[in-house]
Amino acid sequence: METKKKIIDATFGLFAEKGMEFSLNEVANIVGIKKASIYAHFKSKEELLYQLFNQEIEEYFTVVESQSKSLKEFFLGILNYYNSSRKKLLFWKRLLLFPPDTMDSEIRQKIIDLSEQRFKKVKELISSSSSPNDNKEQNDDLLTVMFLSVIHGLLSSEIIYSKLNIKSSYEKEWKILENMLKKEE
């Protein structure tokens, strides 16, 4: 099992760095095994990626969801998840922006379903903290999109402006976002 985990970890890093342009030879070199040994654990590169994607999707959604009972916890939870490893941020950017043609439709659907669940949960948190008005449903949808867009923008900024220490100001960014959400209510 230890070798299998090393293969998955090496593949994670290579996918984050190169997308699909990595080879199983590179994986084997990182792990310190022969390429043929990979096939003792995975039938193909596609199966290896399937297990990797499935494992990371489960971890990401489970970790953030389990730790997020408020909008602030969601905000900081997502940002901190990615900041635990730059590879995670690059991995997810590649996976979402440039999904491999060979990515299983089951994995694509899982990402869609879990993202929709996250949207609903964030919307519920926004809805429960806002006051009723004529356009409440539409406003809550827009605020949810805005909330998630700010997070994705900050994560993209982590890549684009890597010399800035954006994560050191997450609390300040939260306060600005929180004030914006309150004004929109």
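Leu97 sits in helix H6. This is a predicted model. Its protein chain has nine helices and zero strands. Of the chain's 185 residues, 39% count as buried. The points below start at the surface, then turn to the pocket and the salt bridges.

**Surface patch**
- Leu96, Leu97 and Phe98 make a nonpolar surface patch of about 350 Å².
- Leu97 has a relative accessibility of 58%, so Leu97 counts as exposed. The cut-off for exposed is over 50%.

**Overall build**
- Read along the sequence, the protein chain runs α-α-α-α-α-α-α-α-α.
- Taken along the principal axes, the C-alpha atoms fill a box of roughly 65 × 35 × 25 Å.

**Largest pocket**
- The largest pocket holds about 360 Å³ of space.
- It is lined by 17 residues, and those closest to its centre are Tyr60, Leu96, Ser115, Arg118 and His152.
- Helices H4 (45–66), H5 (71–83), H6 (86–97), H7 (105–129) and H8 (136–160) each supply at least two residues of this lining.
- By type, the lining of the largest pocket divides into 13 nonpolar, two polar and two charged residues.

**Salt bridges**
- The structure holds 11 salt bridges.
- One of them joins Glu65 and Arg118, with the closest N and O atoms 3.1 Å apart. Glu65 lies in helix H4 and Arg118 in helix H7, so this pair ties together parts that are 53 residues apart in sequence.
- Arg118 has a relative accessibility of 5%, so Arg118 counts as buried. The cut-off for buried is under 20%.
- Lys72 forms a salt bridge with Glu171, and their closest N and O atoms are 3.1 Å apart. The pair links distant parts of the chain: Lys72 is in helix H5 and Glu171 in helix H9 (residues 170–184), 99 residues apart.
- Lys72 is partly exposed, at a relative accessible area of 31%. Glu171 also counts as partly exposed, at 42% relative accessibility.
- Asp141 and Lys123 meet through their side chains in a salt bridge of 2.7 Å, N to O. Asp141 in helix H8 and Lys123 in helix H7 are 18 residues apart, and the pair links distant parts of the chain.
- Asp141 is partly exposed, with a relative accessible area of 28%. Lys123 has 15%, so Lys123 is buried.

Terms used. Residues are numbered from 1 along each chain as its sequence is written. This is a predicted model: local features need pLDDT of at least 70, side-chain atom pairs count only at pLDDT 80 or more; totals for chains, interfaces and linings use all residues. Side-chain values use heavy atoms; hydrogens and water are left out. On a 1 Å grid over the protein atoms alone, a cavity is a set of points where a 1.4 Å probe fits but cannot get out, and a pocket is an open set with protein on both sides within 12 Å along at least five of seven lines; lining residues have an atom within 4 Å of a point. Grid points are joined across faces, edges and corners, and a volume is the space filled by probe spheres set on the points. Helices (H or I, at least four residues) and strands (E, at least two) are DSSP runs, numbered from the N terminus. Ala, Val, Leu, Ile, Met, Phe, Trp, Tyr, Cys and Pro count as nonpolar, Asp, Glu, Lys and Arg as charged, and the others, Gly among them, as polar. Patches are made of residues with over 30% relative accessible area and no salt bridge: like charges are joined within 9 Å, nonpolar side chains (Val, Leu, Ile, Met, Phe, Trp, Tyr) within 5 Å. Accessible areas come from the Shrake-Rupley method with a 1.4 Å probe; for residues, only the protein chains shown count as cover. A salt bridge is a side-chain nitrogen of Lys or Arg within 4 Å of a carboxyl oxygen of Asp or Glu. Buried means under 20% relative accessible area, exposed over 50%, partly exposed in between (1.4 Å probe, protein chains only).
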